[in-house]
Amino acid sequence: MSRAVNILSLILFSVVLVFGNADIASAAKQKKIPKSPKFVGAVKCNGSCHDSYYQAWKNSPHGKTFDLLKPGVREEAKVRVKLDPKKDYTTTPLCLRCHTTGYGQKGGFQPAGTMKKGKDVSSPVDPNEPNKEQVGCEMCHSVAGGAQFRVVMKNTKGDFHKTDTEQYGQRWDYPNVCTRCHTHRNTPFQPTVHDKYKFNFEERKKKVHEIDKYWTPDNQDQKLEKIKDRKNEKAKSESVPLLIEDFDIKDDKIVFKKEAMPYDPKAGTFNYKK
Ligand code: HEC
Ligand code: HEC
Ligand code: HEC
């Protein structure tokens with residue numbers, strides 16, 4: 001009898017040891033969530049979790065938006081909206097807002113020649129590895145940058161609910177977020193200029209990630225296992241979309257209108273449409 005009890009307690013002890021340690025080990029791997037949202041760039045989403053999405057994006061129109069600001073590119077389209085086809089627009093604040101990631105916001109793209117305290121802090125531009133200089137993941141998937149929810153995704157190994165990341169600024173109001181740029185009052189490329197600038201979300205959505213072409217034997221482990229469950233969840237931003245930034249250019253600087261910002265950095269809260 002006492003022998004059986006001994007064996008039983010030994011088994012119990014081992015179970016606690018093994019599972020207890022596993023818990024400690026996984027707790028140690030949990031990374032700390034940064035204090036506030038901030039743009040980190042598309043490259044951060046590549047490399048371990050979303051390689052296929054990165055490749056699909058890199059080869060999509062949004063992975064090449066910076067290039068359109070260079071002289072001699074899409075001359076006909078520029079002339080049509082009275083832009084100078086020979087001009088270099090790669091440091092023009094108006095254009096950078098919609099052709100790069102997070103321009104004028106925390107962590108966002110800094111054009112060539114940006115100096116801070118006598119130091120050049122401009123963002124690197126590498127044609128082989130597009131990053132903040134293009135319209136990256138965070139321009140569609142985040143309110144004010146993905147620094148925080150990226151950690152939540154990593155800590156949960158992709159097993160998160162929409163509400164878990166939404167409270168850290170992931171946005172799910174896809175049809176709404178496109179109007180940050182498409183049909184925004186500040187884009188020169190309005191539907192009134194040419195029919196091709198008309199915006200049909202359902203049609204356009206299909207071209208954003210042509211993901212099926214980018215699954216390879218090497219990235220199978222990154223398939224989103226929880227995607228089906230999440231389709232059945234509803235994030236708050238899906239029923240009440242977030243505000244869309246409005247902005248003006250004053251003295252060659254971008255000035256966002258306070259009342260139109262989807263995120264209030266002082267209060268740390270998100271602003272939804274009324
Ligand atoms: C408010 C956002 C916004 C601003 C500001 C903006 N763009 Fe764009 N731009 C867009 C969008 C959206 C498209 C894609 C339109 C489409 O295909 O429906 C685009 C497309 C373009 C194209 C390709 C057009 C074509 O038909 O091939 C060029 C070139 C371009 N932009 C250059 C510029 C330049 C230069 C500036 C600054 C003077 C600028 N853009 C400012 C949002 C913007
Ligand atoms: C121009 C906007 C845009 C950009 C840029 C963009 N995405 Fe997306 N993404 C979308 C839209 C829209 C969907 C939803 C597609 C659908 O429902 O068919 C989506 C879906 C996804 C999904 C599936 C999420 C789910 O649970 O449904 C992942 C993962 C994803 N994107 C990752 C990325 C990554 C990583 C990048 C950058 C390398 C990126 N996206 C860039 C618009 C964008
Ligand atoms: C930060 C600005 C920005 C946002 C947000 C944005 N786009 Fe774009 N989009 C652009 C620019 C700039 C282009 C021009 C690329 C080109 O002409 O090569 C473009 C081009 C496109 C194109 C290619 C047009 C074509 O037929 O060649 C599609 C499709 C598209 N966008 C869909 C979307 C969808 C869907 C969303 C929202 C989920 C979205 N975009 C959000 C800036 C943006």
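View 1. With a relative accessibility of 1%, R180 counts as buried (buried is under 20% relative accessible area, exposed over 50%, partly exposed in between, using a 1.4 Å probe and protein chains only). This is a predicted model, where local features need pLDDT of at least 70 and side-chain atom pairs pLDDT 80 or more, while totals for chains, interfaces and linings use all residues. Numbering runs from 1 along each chain as its sequence is written, chains are lettered from A and ligands numbered from 1 in the order written, and side-chain values use heavy atoms, with hydrogens and water left out. R180 sits in the loop between α8 (174–177) and α9; helices (H or I, at least four residues) are DSSP runs, numbered from the N terminus. Leaving aside residues up to four places away in sequence, R180 touches R97, C98, E138, M139, S142, V143, R171, I244, E245 and P262 (contact means heavy atoms within 4.5 Å).

**View 2. The iron atom of ligand 2.** H141 and H209 coordinate the iron through their NE2 atoms, at 2.0 Å (donors are N, O and S atoms within 2.8 Å of the metal, or 3.2 Å for Na, K and Ca; water is not among the atoms, so sites may look incomplete). The pair links distant parts of the chain: H141 belongs to helix α5, H209 to the loop between α9 (201–205) and α10, 68 residues apart. Why octahedral? Because the six donor atoms subtend angles of 87 to 180° (six donors count as octahedral if opposite ones are over 155 degrees apart and all others between 65 and 115). At 22% relative accessibility H141 is partly exposed, and so is H209 at 27%.

**View 3. The shell around ligand 2.** Which of the 19 residues come nearest? They are H62, C137, C140, H141 and H209 (a residue is near if one of its heavy atoms lies within 4 Å). Elements giving two or more residues to this shell are α2 (51–58), α5 (137–141) and α10 (227–231). By type, the shell splits into 12 nonpolar, five polar and two charged residues (Ala, Val, Leu, Ile, Met, Phe, Trp, Tyr, Cys and Pro count as nonpolar, Asp, Glu, Lys and Arg as charged, and the others, Gly among them, as polar).

**View 4. Helix α6.** Seven of the nine residues in α6 (residues 147–155) are buried, leaving the helix mostly covered. Those buried are A147, Q148, F149, V151, V152, M153 and N155. After α6 comes K157, with a positive phi near 50°.

Note on methods:
Four donors count as tetrahedral if all angles lie between 85 and 135 degrees; four count as square planar and six as octahedral if opposite donors are over 155 degrees apart and all others between 65 and 115; anything else is irregular.
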